[in-house]
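Dear colleague,

I am handing over the structure below, together with some notes on what I found in it. Please read them with the structure open beside you.

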Amino acid sequence: MPVVVVESPAKAKTINKYLGKDYTVLASYGHVRDLPSKDGSVDPDEGFSMKWEVASDSKKHVKAIVDALKDDPSLILATDPDREGEAISWHLQEALTSRKAIKKDTPVKRVTFNAITKDAVTKAMAEPRDVDMELVEAYLARRALDYLVGFTLSPVLWRKLPGAKSAGRVQSVCLRLVVEREMEIEAFNPREYWSVRAVLETPRGQQLEARLTVLGGKKLDRYDLPSAAEAGLAVQAVASRKLEVRDVEAKPMSRNPSPPFMTSTLQQEASRKFGMGARACMSTAQRLYEAGHITYMRTDGIDMAPEAVDGARAAIKDRYGEDYVPGSPRIYKNKAKNAQEAHECIRPTDMTKAADDLKLSEDDQRKLYDLIWKRTIASQMEAARMERTTVTIGDKAGEVELRATGQVVLFDGFLRAYEEGRDDVEADDDDSRRLPQVSSGDAMALAAQGLAGEYAKLAGEDLVEDEGEMRRSKSALLSANGAVLGQQHHTQPPPRYTEATLVKRMEELGIGRPSTYASIMDTIQNRGYVTKDKGRLIPEDKGRLVTIFLTNYFRKYVGYDFTADLENQLDEVSAGEKHYKDVLDRFWRDFSAAIEETSELRITDVLEKINEVLEPHLFPPTEDGSPPRQCPNCGIGQLSMRTARSGGAFIGCSNYPECRYTRPFGPPDPEAEASAIPPEGKLLGTDDGDEIRVFKGRFGPYVQRGAVTDDNKKPPRQSIPKDWPPEDLDMDRALMLLSLPRQIGPHPEDGVMVWANIGRYGPYIKHADSTSDRGGTNANLDNIDEVFTVGMNRAVQLLAEKVASRGGRGQAAKPLRELGEHPEAGGPVNVMKGKYGPYVKWDKINATIPDTITPEAITMEQAVELIAERAAKSGKKKPAAKKKAPAKKKAAKKDG
């Protein structure tokens, strides 16, 4: 039977269903080889030679394929139809060739399908080809570039910017987008402006709301009413005039559906509608693809196969009627420059099946499939038809003019199935309103108290004044009759990115590709450069500092145009228009020179450059006109940014150690500084004549009894636990900390003292002659409060459990469950409780139990599998089959 290899077990299971018993379908479990994470894996001096290594997790999967090829030396590589899939096929071919599982005469074919359906798989198997080396070379170039940037630039960051984690070819550019958006927000100065609206009544007694657009015969621009004074005059002007309808204009319009999904638009819409991150979206889409429900989910393409278009049109007619089917199919053209990335759009494999028809058990899969199905169906439906009406109202002199707009849906078309979400929608526009019927020349009266309720909401708790002609608050003005409203507005800063809007921006700039968006989002968050709050991406100190360092010393390589151009060059490699080593050589020549230029760069120079760039943010002008960087504590030193070993940053005084003033990284916050701990420590009170103070030290906050003197150079100190905010520490808790270590009492078995204390790794008890004794037994406590309350009985129990858990160094730990003898190799298999969670133990092998399996429910079969996987990873000898006991010899019969 020919051996078919795909990436995942789920995909293998679906394909096996279509191919039947004539094929052996196995999974590679993703990439089988990668560049080792060490220097020299890519060697520019040797023509960019690359040293690949089979991952330890992949060895057993490669062996399974090798073993299967012994029975039938015919290999079909059926990995995903993109550059990554092509690379996996190439890696498999190389790895199997090196193991001599593939020989010169072994038939090796590559097949691809955009959907895992019987028709698609059957057709692909009938049209095999060779591995596409142009796609592979594009992968090799991308992988080499990512390695060279990461392993060359990251060490520069570590040396020049303590605490920085890593830099990457695309991740650093993505991070720059987030940081620059945050700096835009911080530098933003809101501008005040006012608008005026009125509620008017038609001759038939119906009401409509209109916005002031002309005042004094001049068209109003956004900022023409900059304050309450101008807005008040405008309100009075409207309220004092006789108004009539000057013009009514009704225009027909149509709205076409959005094209079907590609990777980026699916991620954006899943984020808008469900708050789903890029990684979660792609993981869910992958499961739908592998189950055969949708087409391949990593694509830049929006075109649809002809048979899929026919299927969609038939489904529309069946569900919504013939009126919703356009006269001819809608054709969408791909925008992707690189045809290799432009597979078919993301669509259902069977248009007749909506989400309810599939009966999907996972909520995320059901929601995402429903989204894909509706978008695909809508993309082939008739346009929605509307009528947009604009009513112009004014006085006869033309001094004042108001405008009302409304929209009526005449035929809902594709909106019957689906409407696309929008990013950062501030408020509903007026177009969705239906206007009452009016005619040119109709007199329009002010509707008494028509906007009084809205004024009350806007005014809120503001001081309200009644001047007879007008009611006023800080944010609103209302005419005496309550029909004309002036409202205060302020311009808003650009919104922070969500994962969806960041992907959209990257796509606009030509940065990244469908296969990389989700991993880039993960990387900048996992590195601690960016955090997510209510779906919005906020740069951390580390992220700001890395971005500023790179934009000042490696500006070209975090440039948007440069990164996009490099992506285009990689696309040209995949199209066979460029050789990948030429791209690498040109990049490396300039990049290595840029790295060399930073060799003499000192950390102090880097920090001063960052201070200079961030000065408007960190050291804004002071109210009293004093130098912004002058230390407020000593008045001598200059404030500047400092880096902490943890990777964070803070503002400190250059007069250190004489002046120990510090404040958090960022602009000065007078309220925070008022409650902060001053350099001389915060005095809590006195105890037995000693001052008790809280200090901020190099290794964190601590409490101290007494002052440092010549006679007392090391007064008693105790670190403040992380869970206790040092600014809120009171005298009672300070004395509790200073009383540590606490004697619980002598152990009842041997009389050796038992102590409770807080250490580097948290609260613990110790069984030893003193807490400074390196011997003895330590056991962790659950929380800080236990340090002050734990009694001897509890302490003895914890210490006994600790001794028991040491295995050979104390009494044997007691199993949580005994599963029995290993079915293949003999020896007990037990479920144990470990420091980092439950595990199964056999012989000298310990295998962690995954979160998906509870210790109470694990079976012997699952335990044996975990033990085998652990043995393979660690290189230990796998459990051997039990040897049969030799047959007993029959005793010889005695004579006589």
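In which sense do strand 22 and strand 23 pair, and over how many bridges? Strand 22 and strand 23, the latter at residues 649–653, pair in the antiparallel sense over 5 bridges, where two strands pair if DSSP finds at least two bridges between them, and where helices (H or I, at least four residues) and strands (E, at least two) are DSSP runs, numbered from the N terminus.

Before I go further, please note that this is a predicted model, in which local features need pLDDT of at least 70 and side-chain atom pairs count only at pLDDT 80 or more, while totals for chains, interfaces and linings use all residues. Residues are numbered from 1 along each chain as its sequence is written, and side-chain values use heavy atoms, with hydrogens and water left out.

To return to the sheet, 3 strands form an open arrangement in the order 22-23-24, with antiparallel pairing. Strand 22 (639–643) and strand 24 (662–664) stand at the edges with a single partner strand each, so one side of each has no neighbour in the sheet. The twist from one strand to the next averages 35°, with axes taken as lines fitted to C-alpha atoms, for helices over the stretch in contact, and angles running from 0 to 180 degrees between N-to-C directions. Helix 19 (residues 603–618) packs on this sheet and touches strand 22, strand 23 and strand 24, contact meaning heavy atoms within 4.5 Å; the direction of helix 19 makes about 120° with that of strand 22. Within the pairing, Arg642 stands opposite Phe650 in strand 23.

For the chain as a whole, there are 24 helices and 36 strands, and the C-alpha atoms fill a box of roughly 140 × 90 × 65 Å along the principal axes. Of its 896 residues, 47% count as buried, that is, under 20% relative accessible area with a 1.4 Å probe and protein chains only.

The second largest pocket has a volume of about 1300 Å³. On a 1 Å grid over the protein atoms alone, a pocket is an open set of points with protein on both sides within 12 Å along at least five of seven lines, a cavity is a set where a 1.4 Å probe fits but cannot get out, and lining residues have an atom within 4 Å of a point; points are joined across faces, edges and corners, and a volume is the space filled by probe spheres set on them. Of the 48 residues that line this pocket, Arg143, Asp146, Thr516, Ser519 and Thr523 are the closest to its centre. Helix 5 provides the largest share of the lining, 9 residues.

With kind regards

Key. Buried < 20%, exposed > 50% of the residue type's maximum accessible area, 1.4 Å probe, protein only.
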